[in-house]
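Hi,

Here is the structure I said I'd pass along. Have a look at it first, and then read on for what turned up.

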Amino acid sequence: MATNFELLCLIFSVALSVLLGPNFATGSTIGVCYGMVANDLPPPREVIDMYKLNQIGRMRLYDPNPEALEALRNSGIEVLVGVRNEDLQQLAGSYSAAENWVATYITPYSPQVQFRYIVVGNEVFPGNSARYVLPAMQNLQNALSSGDIKVSTSIATSVLGVSYPPSAGAFSEDTIEYMVPIAQYLNNIGAPLLANVYPYFAYIGDPIDISLPYALFASETVVVTDVGLSYDNLFDTMVDALYAALEKAEAPQVQVVVSETGWPSDGNREVTTPENAQIYNSNLISHVLSSRGTPRRPGNSTETYLFAMFNENMKPGAAVEQHWGLFYPNKSQVYPINFPVETLKHKTWFQKLMQWIIQSAQSAFGKHIYGHN
């Protein structure tokens, strides 16, 4: 028969799981994207060890790489796993293909791998594959045995036809026929919209009207005022434009998850220095972990993933594309960056928890909970 002490321990264990839930964490709630477009990266198991060493609690994988998924077992790292753009047509046209995808890449690893979202396509809109995204999402969501894993898709902010002022945010004519049904589907299933948000590209596209401090979270004053809301950084302005577009699409409950953001450390003269990259990413981490939210969605932290873990030497395009990493392939830091751990987000929660445990124990066992009366 269980002793009073054993029963007390059981109460404590249940209380931790029920009351704290996601507020109890071993790593930072900031995520980092694990891109692999390179020929000189360390093996996945070493990369997972780097995540744990640096207390990075979340990861975005762009495809269901089996070696990475195997290394993630029992790591405690929450994962966004991507569906390749080239697989969208097959998954959209065949429910059995969606079942097979889940059976191959999710079921063998779950729950030892903590899947957070399945990202059905990356920056597909507008494009020839846009029409496949929603039916692929629906097939995959239906194929999942667990309702805890949600599907979504990752968009570029270029899906917006209007983005300034943020309250005027609206999907473009080229994307609205796809984005509105997707937004409404996400609203119905309780899933977020994932968005790649890059103040860097907005700044270099308009350096006259956008100041560098505003883009780097370094402005000391309000820069934009819109319908009574004040903005001192470009990141919040861009996120709130997406929220405005979602509201116009009659999907007001959809949360925006920033599935990529960052600042390159080289490749574009004085704009892309390690110092500027450090300023942006450090200020972003502080902003997100403050739970300040955005002016349009205050008080709720914006779930965010930094791009990227490594400099990737085979990424095509402009020179900056190979210089987004927090680390070099030899695992040394490009610049100092820290990921604060939120062990208990609110001290008052722990105080209330302890008070509840004591009251429950006294009610169950009397005041002498460690012995017999």
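This is a predicted model: local features need pLDDT of at least 70, side-chain atom pairs count only at pLDDT 80 or more; totals for chains, interfaces and linings use all residues.

The chain has twelve helices and twelve strands. Of its 373 residues, 49% are buried. Among contacts with a separation of 6 or more, 71% link residues 24 or more positions apart. The chain exposes about 17300 Å², and carbon and sulfur atoms supply 51% of that.

Now for α7, which runs over residues 176-189. Its 14 residues reach 20 Å from first C-alpha to last, close to the 20 Å expected at 1.5 Å a residue. Which of its residues are buried? They are Met179, Ile182, Ala183, Tyr185, Leu186 and Ile189. These sit on the same side of α7 because they cover an arc of only 165° around the axis. Their cover includes α6 (130-143), β5 (150-156), β7 (170-171), β8 (193-196) and α10 (234-248). On the face turned away from that buried side you'll find the exposed residues Glu177 and Asn188. Just after the helix, Gly190 takes a positive phi of about 75°.

The other spot to look at is Glu312, in the loop between β12 (304-306) and α12 (347-365). Glu312 is buried but has no salt bridge. Lys315 is the nearest side chain of opposite charge, and it lies 5.1 Å away. Leaving aside residues up to four places away in sequence, Glu312 touches Gly35, Met36, Val37, Ala38, Phe307, Glu321 and Gln322.

Cheers

Technical notes:
Residues are numbered from 1 along each chain as its sequence is written. Side-chain values use heavy atoms; hydrogens and water are left out. Helices (H or I, at least four residues) and strands (E, at least two) are DSSP runs, numbered from the N terminus. Buried means under 20% relative accessible area, exposed over 50%, partly exposed in between (1.4 Å probe, protein chains only). Contact means heavy atoms within 4.5 Å. Accessible areas come from the Shrake-Rupley method with a 1.4 Å probe; for residues, only the protein chains shown count as cover. Lys and Arg count as positive and Asp and Glu as negative; His and the chain ends are not counted. A salt bridge is a side-chain nitrogen of Lys or Arg within 4 Å of a carboxyl oxygen of Asp or Glu. The expected span of a helix is 1.5 Å times one less than its number of residues. The arc is that of the directions from the helix axis to the C-beta atoms.
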